[in-house]
Amino acid sequence: MEKRKLSFWQIWNMSFGFLGIQMGFALQNANASRILQIFGADVHELSWFWVIAPLMGLIVQPIVGHYSDKTWGKLGRRKPYFLVGAILASIGLILMPQADMFIAFLPALWVGAGMLMIMDASFNIAMEPFRALVGDNLRTDQRTAGFSIQTALIGFGAVIGSWLPYALTNWFGISNETVAGVVPANLIWSFIIGAIVLIVSILVTVITTKEYSPEELNSFENNPNSKDSDVIVEKESSLFDIFEDFKKMPATMRQLSWVQFFSWFGLFGMWVFATPAIAQHIYGLPFTDSSSSTYQDAGDWIGILFGVYNLISAFYAFALPYIAKNIGRKRTHAISLVIGGLGLLSIYIMPDKNWLIVSMVGVGIAWASILAMPYAILAGSISPKKMGVYMGIFNFFIVIPQIINALIGGPLVKYAYNNHAIYALVMSGVSFLIAAALVSKVKDVDDVVQK
């Protein structure tokens, strides 16, 4: 028995929930620092609040991956997890920008940070099963296309989420003005809309996608003619054996870990410090300003810029399978990371806000590759029985660099960069270039290059 070849639209529907997940994630990435500053956080404290995100990923994804490997019910194997994650994330999206409602019980900053934690835990519950679902349902020769379509949907969702606050203000007249301690109306409505889209898009995947049963997956694995039969069969493990699985990770995963480390160290620095960096470096505001109308304009423009890099990533994702087929997945990923690193470094020399769009084109190319190539390379090196847990363990190499950046990023901005957050973005660019150099050390066991 062999996995059936899926059509483009079957793969599209299978990944469609990522549109809503990434719309919510983009709203968080572009606006969480801004919201936390409105609630009273200082610039150098932002990375400490953001440490919640990678910590949730470190804890949640391997556990969800382990249990989703062993789950089979009326909804399937992976679908129950991303449905529950979507519901919880929607609650966090609605409540985070309205945390000031709870000031009778707790400071708004604490509530906002708590909602950030709920959102991050929930996004991680939803994301990991989606990654594993591609590995479950697609044959080896379709995995690059599968992760690329997933990346395209991530890009489209992120564009909508990133541009929504700007669009509500400039196209629909919803105010972005605020007073001290109160989030503007355009952000509140953006998060509510994001929560609705998240639930609807997840339901599209749940309703349209069929998962293989455990018996079917076993038959694929044991079929010597299957394109997935060359993977290593691992023994079943208990939850407490996650650390044993970590020690036994395939060599390809170990090599990719360093690439992931520097890629995500750079991404985290960009997400956390883009708003204060551009508000200071491009708009000329002091680092203490977090409530002026100019600061709100800068925050809305960050949303536009983040939308640009996600839009570029969505279209570039469609090209990735063809590029990888001709030059290989490793070379594709390395070149993409170099372009992204140069894009981040160029922010420092750009003369005005409009030129930053050029910088974001480079970031978008790297972002598309980061979301697709490492997973396409990894999926061929692990057993279908362990797809969930190893996708979760692989997340360690995404969250650990973010935790490190969260702990040292704020002090670096305050003491090493003298509160000039732009240098955090320069550091992110350098990290991308290091990641690109480390791609050469990775062994891609099932890459297919057109001769």
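Which helix gives the largest share of the nonpolar patch? Helix α5, residues 79–95, gives the largest share, with 4 residues. The legends below belong to a predicted model, and they go from the whole chain to single residues.

**Figure 1. The whole protein chain is built with 17 helices and 0 strands.** The chain has 451 residues, and 63% of them count as buried. Contacts between residues at least 6 apart in sequence were also sorted by separation: 84% of them join residues at least 24 apart. The accessible surface of the protein chain is about 16,700 Å². Carbon and sulfur atoms account for 68% of that surface.

Figure 2. Helix α5 contributes 4 residues to the patch. Isoleucine 87 has a relative accessible area of 44%. This value lies between the limits of 20% and 50%, so the residue counts as partly exposed.

**Figure 3. The second largest cavity holds about 80 Å³ of space.** The structure has 6 cavities of 30 Å³ or more. Rolling a probe the size of a water molecule over the atoms shows where empty space is left. Residues lining the second largest cavity include Phe265, Gly266, Gly269 and Phe273. Also among them are Asn405, Gly409, Leu412, Val413 and Tyr417. Ala424, Met427 and Ser428 are part of the lining as well. Three helices each supply at least two lining residues: α11 (251–281), α16 (396–416) and α17 (422–438).

**Figure 4. Glutamine 142 is a buried residue of helix α7.** Helix α7 covers residues 140–170. The relative accessible area of glutamine 142 is 7%, which is under 20%, and therefore the residue counts as buried. Leaving aside neighbours within four places in sequence, glutamine 142 is in contact with Arg4, Lys5, Leu6 and Ile11.

**Figure 5. Leucine 371 is buried in helix α14.** Helix α14 runs over residues 356–379. Leucine 371 has a relative accessible area of 4%, and because this is under 20% the residue counts as buried. Not counting residues up to four places away in sequence, leucine 371 touches Arg131, Thr151 and Ile154. A distance can also be drawn from leucine 371 to serine 313: their C-alpha atoms are separated by 9.3 Å. Along the chain these two residues are 58 residues apart.

**Figure 6. Asparagine 418 and asparagine 419 lie in the loop between α16 and α17.** Is asparagine 418 buried or exposed? Asparagine 418 counts as exposed because its relative accessibility is 53%, over the limit of 50%. Asparagine 419, in contrast, is buried, with a relative accessible area of 13%. Asparagine 418 has a positive phi near 55°, in a residue other than glycine. For asparagine 419, phi is also positive, at about 65°, although the residue is not a glycine.

Conventions: Residues are numbered from 1 along each chain as its sequence is written. This is a predicted model: local features need pLDDT of at least 70, side-chain atom pairs count only at pLDDT 80 or more; totals for chains, interfaces and linings use all residues. Side-chain values use heavy atoms; hydrogens and water are left out. Buried means under 20% relative accessible area, exposed over 50%, partly exposed in between (1.4 Å probe, protein chains only). Contact means heavy atoms within 4.5 Å. Accessible areas come from the Shrake-Rupley method with a 1.4 Å probe; for residues, only the protein chains shown count as cover. On a 1 Å grid over the protein atoms alone, a cavity is a set of points where a 1.4 Å probe fits but cannot get out, and a pocket is an open set with protein on both sides within 12 Å along at least five of seven lines; lining residues have an atom within 4 Å of a point. Grid points are joined across faces, edges and corners, and a volume is the space filled by probe spheres set on the points.
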